[in-house]
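Please examine the sequence and the model shown here before reading on. The paragraphs that follow lead from the overall fold to individual side chains and then to the pockets.

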Amino acid sequence: SRLAANRVGVSTKGNRIGSAPLAIRSPFVLTPTLFAASLLLSLLVDVRLTAVLLLYGFVTSWYSVHLKTLPLVDVFALAGLYSVRILGGGVATGILPSTWLLSFSGLLFLSLAFLKRYTETAGAEQGQSMGRRGYIPGESAVHMQMGLASGFTAAVVFAIWLDSAAFHATYSNQLFLWMVTPLVLLWQCRLWLAAFRGKMHDDPIIYTAKDRISWYIFAVAGLFYGLGLTT
């Protein structure tokens with residue numbers, strides 16, 4: 001039995017040693033392969049989608065190499081990348097996003113990017129490492145102020161859209177969609193409060209995916225949106 005155990009141990013050790021180089025090489029093999037496949041598929045949909053993917057790939061690579069080390073530039077780059085995703089989805093479906101949607105989403109994503117930086121700088125103030133970020137401990141309060149300002153401005157943009165000609169040309173009922181505005185603010189305030197209390201240790205999107213209260217907020221917002229479409 002001891003000999004069998006030794007053999008298992010040697011075999012396990014061999015697997016670990018043999019799998020390590022594969023684990024290191026996998027991203028460098030899979031990433032260009034999947035990106036090339038996505039470009040080929042996008043050509044079948046719309047050449048403009050291919051252009052969007054190329055732009056996204058270029059900015060993402062630039063961000064990973066350099067932009068993430070530049071204060072403020074990094075958060076605007078992140079928000080821009082999320083907006084490019086929306087633009088790509090619009091090109092793929094043939095439904096181009098309006099300036100209202102891009103303005104709202106851009107400000108909301110900017111707020112989430114600042115929220116992520118807030119958690120990192122607040123952690124650095126507790127002795128945690130910030131990696132290659134261009135910020136220094138003690139700047140978390142500034143990140144909170146800029147993030148909250150961006151998030152609340154996004155809610156204001158949403159409220160103004162509810163009274164615009166573009167809204168009335170598409171939706172028949174304004175009352176139910178008005179109720180979405182405080183829910184957007186409630187969700188953002190919940191995220192910031194959780195971060196301030198030290199309960200957010202991941203990306204805000206990951207935290208939201210695990211947060212049951214956020215699920216309820218989105219469900220109620222979806223209900224109001226549906227009622228706004230049908231009444």
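Which pattern does the protein chain follow when read along the sequence? The pattern is α-α-α-α-α-α-α-α-α-α. The chain accordingly has 10 helices and zero strands; helices (H or I, at least four residues) and strands (E, at least two) are DSSP runs, numbered from the N terminus. This is a predicted model, in which local features need pLDDT of at least 70 and side-chain atom pairs count only at pLDDT 80 or more, whereas totals for chains, interfaces and linings use all residues. Residues are numbered from 1 along each chain as its sequence is written, and side-chain values use heavy atoms, with hydrogens and water left out.

Of the 231 residues in the protein chain, 35% are buried. Here buried means under 20% relative accessible area, exposed means over 50%, and partly exposed lies in between (1.4 Å probe, protein chains only). The chain exposes about 13,900 Å², and carbon and sulfur atoms supply 71% of that area; accessible areas come from the Shrake-Rupley method with a 1.4 Å probe, and for residues only the protein chains shown count as cover. A contact means heavy atoms within 4.5 Å. Among contacts between residues at least 6 apart in sequence, 60% join residues at least 24 apart.

The charged side chains come next. The whole structure holds six salt bridges, each defined as a side-chain nitrogen of Lys or Arg within 4 Å of a carboxyl oxygen of Asp or Glu. In helix H4 (residues 99-124), Lys116 and Glu120 are four residues apart, so about one helical turn separates them. Their side chains meet in a salt bridge at 2.9 Å, N to O. Lys116 is partly exposed at 22% relative accessibility, while Glu120 is buried at 19%. Glu120 also forms a salt bridge with Arg117, the closest N and O atoms being 3.3 Å apart. Arg117 and Glu120 lie three residues apart in H4, again about one helical turn, and Arg117 is buried at 0% relative accessibility. A network of salt bridges links Asp74, Lys116, Arg117, Glu120 and Arg133.

Another salt bridge joins Arg48 and Asp46 (2.9 Å, N to O). Arg48 is partly exposed, with a relative accessible area of 46%, whereas Asp46 is buried at 18%. Thr50 is placed in helix H2 (residues 47-65) and is buried at 10% relative accessibility. Leaving aside residues up to four places away in sequence, Thr50 touches Leu39, Ser42 and Leu43.

Which residues lie nearest the centre of the largest pocket? They are Leu101, Phe104, Phe158, Trp161 and Tyr225, among the 30 residues of its lining. A pocket is an open set of points on a 1 Å grid over the protein atoms alone, where a 1.4 Å probe fits, with protein on both sides within 12 Å along at least five of seven lines; lining residues have an atom within 4 Å of a point. The largest pocket holds about 820 Å³ of space. H4 gives the most to this lining, with seven residues. The lining of the largest pocket divides into 25 nonpolar, five polar and no charged residues; Ala, Val, Leu, Ile, Met, Phe, Trp, Tyr, Cys and Pro count as nonpolar, Asp, Glu, Lys and Arg as charged, and the others, Gly among them, as polar.

The second largest pocket is lined by 20 residues, including Glu120. Its lining comprises seven nonpolar, eight polar and five charged residues.

How values were computed: Points joined across faces, edges and corners; volume = space filled by probe spheres on them.
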